[in-house]
Amino acid sequence: MTTVETRPGARAWLGLSVLSVATLLLAVDNTVLMLALPQLAADLGPSGTELLWITDVYGFMIAGFMITMGSLGDRIGRRRLLVIGAAAFGAASVVAAYSATTTMLIAARVLLGVSAAALGPSALALVAGLFPDARRRAMAIGVFTACFMGGAAAGPVIGGLLLESFWWGSVFLMAVPIMVLVVAGGLVLLPESAKGTGSGRLDLVSVGLSLGTVLPLVYGLKELAEDPGQVAAYVALGAGLLFCVAFVRRQGRLAEPLLDLRLFGDRSFTAALLILAGSMVVQGGVYLFMSQHLQLVEGLSPMAAGLWMAVPAVGLVAGSLASPLLAGVFRPGVVVGAGLVASAAGFAVVLAGDGLVALVGGVTVAFLGMAPVGALGLGLIVGAAPSERAGSASAMAESSGELGIALGIALLGSVGAAVYGGSVTSPHAGGSLSEALDAAAGLPPAAAAALVAEARDAFGQGLLAVTAVGAVLVLVLAVLSLTLLRHLRPIGEQSQG
């Protein structure tokens, strides 16, 4: 039987470029601030607590409001929400750049996070709407994912270049012209994809329960990553889980839920979501230890460490672009599963090798292998949902990534810390390599050298343990992909109906 294939025109590809630029900026903005912190602290003089709020509140707001914004986009229109979010993000960037007090900057970062939560799910849902054909939708989402990964890698580099010539506020101002482009391009190029079914109103109780679920979970995981013995972190996790139970029960009773639980009835949706979250656990933990190794063991500057860390991100970009082409010939479950097996091989290189090249090369291969999870997994998640729920599905995909990274930093960070603690004997070693280096600064030269050598060796053992756990996890995810996604045909066959 001959089928008519819907071919997207130039307007669809231009629309994709607008959405890709938006997601690239969000990724840059998530990492670019770190290099500006010393200048910012010298200018505004924040306390330690205020500095933590400046760095953390952006991610908290994104995670907390993602589900709400995805559902809101389904109700009022995804293009409308994208344009509102882009305009708000640009305005908040100006406020952040010219903040005269830490309170003003924290408030601006809150608005930036909420605006980013509006942009993310709307952009992904609009990409899916622009490309109804499965093959081209997979390619478009691959490009979209590659831009996000590229932005994360470019953040420290762009920040370093700006800070060499301008003041710390420049890292925020770079968003303004890009968001003007997103607003203009969105209004001109993007069609409104939401059908606007139902009353269009959000259940505010569900919004509150959603925030009560996500924010304590993210906070608790973050605190556990810094100190596994914190009672407050476990209290936060417990509160988040209780709110989660209440949230799920309420969604099952509502005619227009904030999150449609029926989405989980689709095996492809649930499996892709689980595999995506699991891969983010591995990426989050490994990236944390790699960044610390480059600066604390190799002694690289933040700029040099950022450049080395950009190499695995390039692997993610390349894999994201290649994955849709492979899935056009082979089954998506096979592409994802084979990639995860290759990822385990990359981690094996780190375990067997020695030195900076082995570490960066092995992690690059590992991240290249994990790239199909994002590039194809996002498409599977959004494609499995009804068109009127694409925003909610996109929000679930992006929320699972946020929580996966936080969980990876907490769990794998605890593994590494435990191995470090069991490998050191010096009373000055503390609970981390950074504490040992600080302690060494106050010791005689010979004792300091011995402490630094022991602490760095112990940290290396922790890094290897994290890598080994990562290898095991990706192999488990490979088995899940090859079994739970085996029913999916190659994307080329899906396009033909």
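1. The model is predicted, with local features needing pLDDT of at least 70 and side-chain atom pairs counting only at pLDDT 80 or more, while totals for chains, interfaces and linings use all residues. Residues are numbered from 1 along each chain as its sequence is written, and side-chain values use heavy atoms, with hydrogens and water left out.

2. Phe-172, when its neighbours within four places in sequence are left aside, is in contact (heavy atoms within 4.5 Å) with Leu-33, Ser-93, Ala-96, Ala-97, Leu-105, Arg-109 and Leu-112.

3. Val-114 lies in helix α5, helices being DSSP runs (H or I, at least four residues) numbered from the N terminus. The C-alpha atoms of Val-114 and Met-61 are separated by 5.5 Å, although these residues are 53 residues apart along the chain. Leaving aside neighbours within four places in sequence, Val-114 is in contact with Met-61, Phe-65 and Met-69.

4. Ser-323, placed in helix α12 (residues 302-327), counts as buried because its relative accessibility is 2%, the limit for buried being under 20% relative accessible area with a 1.4 Å probe and protein chains only. Not counting residues up to four places away in sequence, Ser-323 touches Val-335, Ala-371, Pro-372, Ala-375 and Leu-376.

5. Helix α1 (residues 10-31) packs with helix α6 (residues 134-165) at an angle of about 35°, their axes (lines fitted to C-alpha atoms over the stretch in contact, with angles from 0 to 180 degrees between N-to-C directions) being 7 Å apart. Residues of α1 including Leu-16, Leu-19 and Ser-20 meet residues of α6 including Ala-140, Val-143 and Phe-144.

6. The axes of helix α11 (residues 267-297) and helix α15 (residues 390-423) come within 6 Å and cross at roughly 40°. That makes α11 oblique to α15, as angles under 35 degrees count as roughly parallel, over 145 as roughly antiparallel, 65 to 115 as roughly perpendicular and the rest as oblique.

Methods: Helices (H or I, at least four residues) and strands (E, at least two) are DSSP runs, numbered from the N terminus. Buried means under 20% relative accessible area, exposed over 50%, partly exposed in between (1.4 Å probe, protein chains only).
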